[in-house]
Amino acid sequence: MLFGVATAGILVAMAMALTRALLGPTVYDRVLAVNTFGTKTVLLIAVLGFLTGRPEFLDLALVYALINFIGTIAVLKFFEFGDLGLTRRVEREAE
Amino acid sequence: MEALLHALSWIAVIGGLFFMLVGTFGVLRMPDVYTRLHAAGMTDTMGAGLLLLGMAFQTIIDMMHGETSYWLVLVRLVFVYAFLLFTSPIATHALARAAIAGGVVPWTNEAGES
């Protein structure tokens, strides 16, 4: 019962985050929405583990938290510099 | 004792859901990316923290019912929260910095919108 309520609430929050990701308007809004969506996915995986009586799912939540963070940073770096740092390294080495 | 733990876990989960829904509503309603970042930050600390606290109370109840190996689940809950606690501010900071570098002008209420 408790975890059913938690799952429903998290799903509603995920739908709201997805709406923001679709609405935009800038790319940073979309990245922010996807990042919060990922945090909610971590919590959803953890809650689903408890809901089905298998708390081992928390391992998956741990891995997803790390992947979500790395993915956000990588996408942001791409949008901040237009690449992942390769062209600037090539320019530095050419000087 | 068990009834108390049940009540505490209900309070924690409902509180966590409240903070999470309010924070996501802020992400949906705030006017620009910087104000939305502020709303999203609350989701990660209070929302996730209280939800994981509620799960921890349930795990303690399971341990009282003889699932002695569930102390590892408690450790994992602490780890999930620790990762969120470390990565969320870094992601927020990187997003704000990328938005500034990308030329997004912070919203001010000069037009007098309500």
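Select Gly4(A), Ala8(A), Leu11(A), Leu22(A) and Leu23(A): these residues of helix 1 of chain A are exposed (12 or fewer other C-beta atoms within 10 Å of the residue's own, with C-beta atoms placed from the backbone). The model is predicted, and local features need pLDDT of at least 70, side-chain atom pairs count only at pLDDT 80 or more, and totals for chains, interfaces and linings use all residues. Residues are numbered from 1 along each chain as its sequence is written, while chains are lettered from A and ligands numbered from 1 in the order in which they are written.

Now turn to the other side of helix 1 of chain A. Phe3(A), Ala6(A), Gly9(A), Ile10(A), Ala13(A), Met14(A), Met16(A), Ala17(A) and Arg20(A) are buried (20 or more other C-beta atoms within 10 Å). They lie on the same side of helix 1 of chain A because they cover an arc of only 160 degrees around the axis, taken from the directions from the helix axis to the C-beta atoms. To see what covers them, show helix 2 (27-51) of chain A with helix 1 (2-29) and helix 2 (33-64) of chain B, which are included in the cover.

Next, colour chain A by secondary structure: 4 helices and 0 strands (DSSP runs numbered from the N terminus, H or I of at least four residues for helices, E of at least two for strands). Of its 95 residues, 39% count as buried.

Then select the side of chain A that touches chain B. Here 37 residues of chain A are in contact with 38 residues of chain B (C-beta atoms, placed from the backbone, within 7 Å). Helix 1, helix 2 and helix 3 (58-81) of chain A each supply at least two residues of this side. By class, the side has 26 nonpolar, 7 polar and 4 charged residues.

Last, go to the largest nonpolar core, which has 46 residues (buried Ala, Val, Leu, Ile, Met, Phe, Trp, Tyr and Cys joined through C-beta atoms within 7 Å). Leu32(A), Ala46(A), Val80(B) and Leu95(B) have the most contacts inside this core. Helix 2 of chain A gives the largest share, 12 residues.

Key. Two residues are in contact if their C-beta atoms, placed from the backbone, lie within 7 Å. Ala, Val, Leu, Ile, Met, Phe, Trp, Tyr, Cys and Pro count as nonpolar, Asp, Glu, Lys and Arg as charged, and the others, Gly among them, as polar.
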